[in-house]
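Have a look at the fold below before reading on. We'll go through its sheet, its helices and its cores.

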Amino acid sequence: MEQVTEQDLAFLRQAIDLARKARNDGRHPFGSLIVNEQGVTVVAARNNAVRPNGDPTQHAEMLACGQAARLLTEAELAKCTLYTSTEPCAMCAGAIYWTGIGRVVFALAETGLLRYTGSHAQNPTLDLPCREVFARGQKPIVVAGPFLEEEAGKVHEGFWVS
């Protein structure tokens, strides 16, 4: 597993905070941000827009990738890190791959998320780790995580109860 720095943990906590804000707004509790190569500038920061807006493709990572892709070149994106409160799903991993982001750091693993969501209709888990999605591509993407799973999990406690 790749090493995590204090700076990585600080950005993960920002992603978790974005997830908390989404939940407070009545949306699914996920957050993601993309940081430049120097690790100082947040290029894109998004939280989940799935509910109540109704578009199930509007995951935090997808929104952040779209935002960053409009701002940076492919060469710049390849040196960026995407931080996310929860491991990217297969759809978001695809967006990360096609956007060309070079590194992903996540807090709560998909398997950990399942403990909170169960079989909730609004979040049917697709058990396909992002590392497996990236391994099928031709571009190298470094993945680090899970980290801060307990902190990230707290944002989901009680949310997925029908």
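Which strands does helix H2 (residues 60-71) lie across? Helix H2 lies across E1, E2 and strand E3 (81-86), and runs at about 150° to E2. Helices (H or I, at least four residues) and strands (E, at least two) are DSSP runs, numbered from the N terminus. Axes are lines fitted to C-alpha atoms, for helices over the stretch in contact, with angles from 0 to 180 degrees between N-to-C directions.

A quick word on the source: this is a predicted model, where local features need pLDDT of at least 70 and side-chain atom pairs count only at pLDDT 80 or more, while totals for chains, interfaces and linings use all residues. Residues are numbered from 1 along each chain as its sequence is written, and side-chain values use heavy atoms, leaving out hydrogens and water.

Now the sheet. Five strands make an open, mixed sheet in the order E2-E1-E3-E4-E5; two strands pair if DSSP finds at least two bridges between them. At the edges, pairing on one side only, sit these two:

| Edge strand | Residues |
|---|---|
| E2 | 42-47 |
| E5 | 142-144 |

On average, neighbouring strands are turned by 15° against each other, direction ignored. E4 and E5 pair in the parallel sense over three bridges, and Val105 has Ala144 in E5 as its bridge partner.

Touching here (heavy atoms within 4.5 Å) are Glu61, Met62, Cys65 and Ala69 of H2 and Met91, Cys92, Ala95, Ile96 and Thr99 of H4.

What about the inside? The largest nonpolar core has 22 residues, and Leu12, Ile16, Leu33, Tyr83, Val105, Phe147 and Leu148 have the most contacts inside it. Such a core is a set of buried Ala, Val, Leu, Ile, Met, Phe, Trp, Tyr and Cys residues joined through side-chain atoms within 4.5 Å, buried being under 20% relative accessible area with a 1.4 Å probe, protein chains only. Helix H1 (6-24), strand E1 (31-35) and strand E4 (103-108) each give two or more residues to this core, with the largest share, seven residues, coming from H1. Leu12 touches Tyr83, Thr84, Val105, Phe106, Ala107, Phe147 and Leu148, leaving aside residues up to four places away in sequence. Apart from this core lies another, of 21 residues, including Leu82, Tyr97, Ile101 and Val143.

Note on methods. Buried < 20%, exposed > 50% of the residue type's maximum accessible area, 1.4 Å probe, protein only.
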